[in-house]
Protein chains: 2
Amino acid sequence: MIDAELYRVFYTVAASGNISTAAGQLFVSQPAVSKSIKKLENLTGCTLFVRSSRGVKPTTEGQILFEFVKNGFEHLENGERVLKKIRNKEQGLIKVGISNTLCRYYFMPHLEAFHRRYPGIRMTIVNRTSTETLKLLEQGLIDFGVISIPQERSGFTYRELLTIRDVFVTGKEYPEIESPVALQSLSRYPLMMLEKDNVTRAYIDAYLRENQVVLQPEIEISSMDLLIEFARIGLGVALVIRNFVEEELSQGVLKEIPVHPALPSRKIGIVMPKNLQLSIAAATFIDTLSN
Amino acid sequence: MIDAELYRVFYTVAASGNISTAAGQLFVSQPAVSKSIKKLENLTGCTLFVRSSRGVKPTTEGQILFEFVKNGFEHLENGERVLKKIRNKEQGLIKVGISNTLCRYYFMPHLEAFHRRYPGIRMTIVNRTSTETLKLLEQGLIDFGVISIPQERSGFTYRELLTIRDVFVTGKEYPEIESPVALQSLSRYPLMMLEKDNVTRAYIDAYLRENQVVLQPEIEISSMDLLIEFARIGLGVALVIRNFVEEELSQGVLKEIPVHPALPSRKIGIVMPKNLQLSIAAATFIDTLSN
DNA sequence: CTCTGTCATAATCCACGGTTATAGCATGAT
DNA sequence: ATCATGCTATAACCGTGGATTATGACAGAG
């Protein structure tokens, strides 16, 4: 194989039709270019240029070669340009797996801020449950996931983002409750929770089981969105993530029912494959998430 | 711009997923490849591979770059391959300008032989008059022409191929004429010649004028083909190129009318632009024509 | 007929891509 | 556990080939 740099010299000379000019563009001396061209001619066994006192002109063979070399270097130049953009965070693609709830109540503002700051970086968001998100991660179909952290599994690294707490809330029609009530006593109310396949739900169920408490929800639904809405209109007591109803609580639209023992806090965070270099775009995003 | 050889190293490593293997393919040592990759990473500012004890795996950025570099080098490799074929005369294109008559009576066998010997080289034959052929040559639309030589014009080089002689012939119905007759006496016969725009005709006319002879043809036609055919069926006396009716004369199908003074011989040859390198294919063709 | 711009050649030089040797590290086998 | 194997990284050194400068030859333009 012929030294690719010789092709670059050839490319420059053919494009400018002038060895001296090409030398300038290549930041080398004119004899260096002359020698390179001659060397290329020897290696290919073809005369590539007709020299005259007014410059050089490619021969038929030179013209044919030029077409190929031109295309070749255009690809290389494009690659260089794209890589530069990626490095400068002007281009990229991030694929992130995240549950619907987290996406809506936690992720959205970060997403918006990031997009505003790095408009060239596109994002694909895959809304799945945490378990499925881990599967996608294993298959390399997403860059990272945002999930409830206690999903410890080997082969992944985790990074905490936020501590969340689950609470029971009611609409304002319900009476205010000041002092914590026993968990079991909540069975008097119509209870509303996420569906069983949800990690949040699983976490709560496990906790209740530990404390020998049995609570049977009357309404199970897949979206926390609707759960909050239902509580608001007074359908019953909903188990939701406190962080995501701060506003409603402070406005008094929703009221927290303190329980005893208090539900333990848990964490949400980023999960990504161990031993895998993140793309620049993904790493940048995670950085902005973390601060 | 980044040294294109670094891209070649990158290309090889990415394709094989293994620095040591790539080193073997590139015929250099493993550390040399490691250094090159690291250098490329520094220059681009991107980590391109994830190293492990089982080889290397391109990062997201590495994968993206690879797409470009792969395309780039495929073009360069194609160029190299095509040029090699051209050099080996397995590929090429020759554009030649030649008159109808010369093509049929002189060129055809050479063309066939050449094509048999170099089947990969394609030919474009442009049938025009000599004057137009010269014009095409000036415009670079043909590689060379085959014409009557006395067309001296600067800026072209000529190369003789064949000496030809013009003769008057009749069909066998006409009486045999042993001793040369005066040119002027031919006016007694119905004369048949090529049309005025033809160079052969112009040459003859000039010669006749020099000798104060006036011969008015009864039939003027553009193809020597038909001219010969007309003579054969006894329509009159045709002025044709002797070399192209050798067979008919020896078979007695046509008879030559010797004239006095004898028509001067002339030459046909190759004309090509001065100071222009011929393509390998064209040069090869001219070589086979000349021997 | 000089002047200018172009490419080729010659002599010289040193940076850099190459080499060898070795260390470090995972992984899988004994 | 321990070893063997197959990778890559690092270090130190070396020699070649691409680069430079200086100069020559040539052709066209003014």
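## The largest pocket

Helix α4 of chain A gives the most to the lining of the largest pocket, with four residues. The structure discussed here is a predicted model. The space inside the largest pocket amounts to about 570 Å³. Its lining consists of 28 residues, and those closest to the centre of the pocket are A:Thr59, A:Thr60, A:Gln63, B:Asp143 and B:Ser279.

Sorted by class, the lining of the largest pocket has 14 nonpolar, eight polar and six charged residues.

## Cavities in the structure

Rolling a probe the size of a water molecule over the atoms shows where empty space is left. The structure holds two cavities of 30 Å³ or more.

The largest cavity has a volume of about 40 Å³. Its lining is formed by A:Met193, A:Leu194, A:Thr200, A:Arg201, A:Met224 and A:Leu239. Strand β9 (191-194) and helix α7 (199-210) of chain A each supply at least two residues of this lining. By class, the lining of the largest cavity divides into four nonpolar residues, one polar residue and one charged residue.

## The second largest cavity

For the second largest cavity, the volume is about 30 Å³. The residues that line this cavity are B:Met193, B:Leu194, B:Thr200, B:Arg201, B:Ile204 and B:Leu239. Strand β9 (191-194) and helix α7 (199-210) of chain B each supply at least two of the lining residues. The largest share, three residues, comes from α7 of chain B. The lining of the second largest cavity has four nonpolar residues, one polar residue and one charged residue.

## Domains of chain A

The domain assignment of chain A gives domain 1 (4-87), domain 2 (92-163 + 268-290) and domain 3 (166-264). Taken over C-alpha atoms, the centres of domain 2 and domain 3 of chain A are separated by 27 Å. Eleven residues of domain 2 of chain A are in contact with seven residues of domain 3 of chain A.

## Helix packing in chain A

Two packed helices are described by the angle between their axes and the distance between the axes. In chain A, helix α2 (residues 19-26) and helix α3 (residues 30-44) pack at an angle of about 105°, with their axes 8 Å apart. Angles of 65 to 115 degrees count as roughly perpendicular, and α2 of chain A is therefore roughly perpendicular to α3 of chain A.

On the side of α2 of chain A, the contact is made by A:Ile19, A:Ser20, A:Ala23 and A:Leu26. On the side of α3 of chain A, A:Gln30, A:Val33 and A:Ser34 take part. This contact has four nonpolar, three polar and no charged residues.

## Helix packing in chain B

In chain B, the axes of helix α2 (residues 19-26) and helix α3 (residues 30-44) come within 8 Å and cross at roughly 105°. The helices α2 and α3 of chain B are therefore roughly perpendicular to each other.

Helix α2 of chain B contributes B:Ile19, B:Ser20, B:Ala23 and B:Leu26 to the contact, while α3 of chain B contributes B:Gln30, B:Val33 and B:Ser34. By class, the contact of α2 with α3 in chain B has four nonpolar, three polar and no charged residues.

Methods
Residues numbered from 1 in each chain as written. Chains lettered and ligands numbered in written order. Predicted model: local features only at pLDDT ≥ 70, side-chain atom pairs only at ≥ 80, totals over all residues. Heavy atoms only, no water. 1 Å grid on protein atoms, 1.4 Å probe; cavity = no way out; pocket = protein on both sides within 12 Å on 5 of 7 lines; lining within 4 Å. Points joined across faces, edges and corners; volume = space filled by probe spheres on them. Nonpolar A, V, L, I, M, F, W, Y, C, P; charged D, E, K, R; others polar. Axes fitted to C-alpha atoms, helices over the stretch in contact; angles between N-to-C directions. Parallel < 35°, antiparallel > 145°, perpendicular 65-115°, else oblique. Contact = heavy atoms within 4.5 Å. Domains from an automatic or database assignment.
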